[in-house]
Amino acid sequence: MSQQRAVKTDSKLEKILAAGHLAVTSECGPPRGSDPDVITHKGNMLKEYVDVVNITDNQTSMTRMCSLAACIRLKQLGVEPVLQMVTRDRNRIALQSDILGAASFDITNVLCLSGDHQSFGDCPNGQNVHDLDSMQLIQTVRYMRDEGKFLGGDDIKRPPKMFVGAAANPFADPFEIRVPRLAKKIAAGVEFIQTQCIYNLDKFELWMKQVRDRGLHEKVYILAGLTPFKNAGMAKYMRSRVPGMDVPDDVVKRMSDTPKEKQAEEGLNICIESIERLKQIEGVHGFHIMAIEWEEKVPEIVKRAGLWPRPEVS
Amino acid sequence: MIVGKQKPLDEIWSMIKSHKNVLVLGCNTCVAVCHEGGNKEAEILSSLLRMRASQEESGIAVTNSGVERQCEHEFFDSVKDAIEAADAVLSTACGIGVQFIAEKFPTTVVYPGLNTTFLGAVEKIGVMKEKCQACGNCVLGETAGICPVARCAKRVLNGPCGGSTKGSCEINKEVDCAWQLIVNRLNALGQMDRYETLAPIKDWSTDRAGGPRKQIREEIQE
Amino acid sequence: MAQSVAVKTRDTENVSIEVPLERPSEWEPEILAFACHYCAFAAADLSGVMRLSYPYNVKIIRMPCTGKLDQSYVLRAFERGVDGAFVAG
């Protein structure tokens, strides 16, 4: 499994990975309103079954409760959050400022993303910022943490101690640069990767082989992304409508050939079988289970995949 | 060149209808190439407005003229009198020309006949595509001659993002992914090793972010 | 007064299209024909020679070639109240 690497932050995720355990992460989307119970309910559901929970940042550009506030809610529940940050909505001043705000609550994980284009969301007429891109946000967080400085060069009092992550999509085009792109993120300073949902395991294995050929699996922790299908319609939607998603026809067929009342069960079966196969791949350090609006199934997936109970670290 | 697109006739009509004597003024450089605001288009537009005026039984007089470029003083000599005689000018230049007239003729009302759309090239006749955003700090040397600032919907400098699919941008299949084009060209140039160079955090102070820009050539300055 | 209605095109774009005015029953449109000297105008000329009649509300303008036709000619005709333009060449 993974090599022992030095721990640089108080992140539970980092400690679990450094100890050589397979990490399990999940995510939850904040509500489209100010009700804190949505987050606490999802947080309580996931608490015993995953190590950390990502809070998405206005995913698909739909305006929601901010990721930072929702992360604080989780933290107060005793669930360790991963603060997702997209570069779409904030410039370098706001990003650095929010990083400090998160660090003041001892939020120790950040995931750096560019974010879906605003045309997908509820404000397609809005501006986008993209002052930094995702790689430059990685560099920014690492610079703030390791050098203890702002991008402007001034010293930060109590620099943010964050474990820095990013996404990788092994299936997006052009395929030939998927691995060089990962190498580039590592050069920027990324420490863990959560991948796009994996349905095409053959292609993922090929990507991982190329990752290993360059020794990148020893430089970054790779968590394989999984999203169980609720029904055949979702599989078809993901295949044809979601950019950068690779859902092979045989997976869609397996879902559509299943009677409607058993499709949810079949979706979970596919997910668990995928985890079993992914466990065999050298360089996979854990799983990122994104059960979209289906968080209640995460405990079952974690248990059936033999990933429960979760390890304790101090 | 600067690309523009004529505003809808209804919008133009609602801007000018309260005037008595309107001059439609074409600009025969960039916006003539895209067949939206040249002197010919100004002539056509003025005819359409005269017909609209007669339909609306309005007494408004619409005439037309044109110059080579509405962004330089020297071209205005031939139309100075016509502009001063009009109580409003409908300029079919880009936004630069409209503002140039506003500064040059402080007591004449000026309206834009076009929406200035982008800085682009004529890919083929009738097809214009955006190529540059005048960020003031050119990165084309690092990106194989294809601009991610102007041609990527997220102006990602270390791309592509995860939304690149079969050569297209996530926002629309009709839009090429700039980073796919960059990778293709790096490949063609045998320079794929350059892909892994991290683009540093960009200085946007030379862009719109730094405020209105000005440039002076002292040795030729009048 | 011209009225317009919003019409949904295939692109679901709202485009306003004018509704034609009511016209009296005895009304005849004024048509202006732009005819090429070498073919259509020659044909019209020949119809005169052959004593063939064509509607009196069509007026003909001889063009050296229909390639000489300009948008402004057609627009100017409409501005002056012509109801239809006919280009033959």
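In this predicted model, Gly26(B) has Gly66(B) in E3(B) as its bridge partner. The two strands concerned, E2(B) and E3(B), run parallel to each other and are joined by seven bridges. H3(B) packs on the sheet, where it touches E2 and E3 of chain B, and its direction makes about 175 degrees with that of E3(B). Helix H5 (residues 95–104) of chain B also packs on the sheet, touching E2, strand E4 (88–91) and E5 of chain B, with a direction at about 175 degrees to that of E5(B).

The sheet itself is open and consists of four strands of chain B in the order E3-E2-E4-E5, with parallel pairing. Its edges are formed by E3 and strand E5 (109–112) of chain B, each of which pairs on one side only. From one strand to the next, the twist averages 25 degrees.

Helix H3 of chain B covers residues 39–55, and its 17 residues reach 24 Å from the first C-alpha to the last, close to the 24 Å expected at 1.5 Å a residue. The buried residues of H3(B) include Ile44(B), Leu45(B) and Leu49(B), but also Glu41(B), Glu43(B) and Arg50(B). Which elements cover these buried residues of H3(B)? The cover includes helix H1 (9–16), strand E2 (21–27) and strand E3 (61–67) of chain B, and with them helix H2 (71–79) of chain C. After H3(B) comes Glu57(B), which has a positive phi near 55 degrees.

Taken as a whole, chain B contains seven helices and nine strands, and 38% of its 222 residues count as buried. Its radius of gyration is 21 Å, whereas a compact globule of 222 residues would have one near 17 Å, and its C-alpha trace spans about 65 × 45 × 25 Å along the principal axes. Of the contacts in chain B between residues at least 6 apart in sequence, 54% join residues at least 24 apart.

Two pairs of chains are in contact, and the pair that shares the most contacts is that of chains A and B. To this contact chain B gives 23 residues and chain A gives 26 residues. On the side of chain B that touches chain A, eleven residues are nonpolar, seven are polar and five are charged. Chain A and chain C, by contrast, are joined by no contact, and their closest C-alpha atoms lie 17 Å apart.

| Cis peptide bond | Omega |
|---|---|
| Asp173(A) to Pro174(A) | about -15 degrees |
| Trp308(A) to Pro309(A) | near 0 degrees |

Pro174(A) lies in the loop between strand E5 (163–168) and helix H6 (178–188) of chain A, while Pro309(A) belongs to the segment after helix H11 (298–304) of that chain.

Asn58(A), although not a glycine, has a positive phi of about 45 degrees, and its place is in the loop between strand E2 (52–55) and helix H3 (67–77) of chain A. Is Asn58(A) buried or exposed? Asn58(A) counts as buried because it has 23 C-beta neighbours inside 10 Å. Arg158(A), likewise not a glycine, has a positive phi of about 55 degrees and is found in the loop between helix H5 (134–147) and E5 of chain A. With 9 other C-beta atoms within 10 Å, Arg158(A) is exposed.

How values were computed: Residues are numbered from 1 along each chain as its sequence is written. Chains are lettered from A and ligands numbered from 1 in the order in which they are written. This is a predicted model: local features need pLDDT of at least 70, side-chain atom pairs count only at pLDDT 80 or more; totals for chains, interfaces and linings use all residues. Two residues are in contact if their C-beta atoms, placed from the backbone, lie within 7 Å. Ala, Val, Leu, Ile, Met, Phe, Trp, Tyr, Cys and Pro count as nonpolar, Asp, Glu, Lys and Arg as charged, and the others, Gly among them, as polar. The radius of gyration is taken over C-alpha atoms; the globule rule is 2.2 Å times the number of residues to the power 0.38. A residue is buried if 20 or more other C-beta atoms lie within 10 Å of its own, exposed if 12 or fewer, and partly exposed in between; C-beta atoms are placed from the backbone. The expected span of a helix is 1.5 Å times one less than its number of residues. Two strands pair if DSSP finds at least two bridges between them. Axes are lines fitted to C-alpha atoms, for helices over the stretch in contact, and angles run from 0 to 180 degrees between N-to-C directions.
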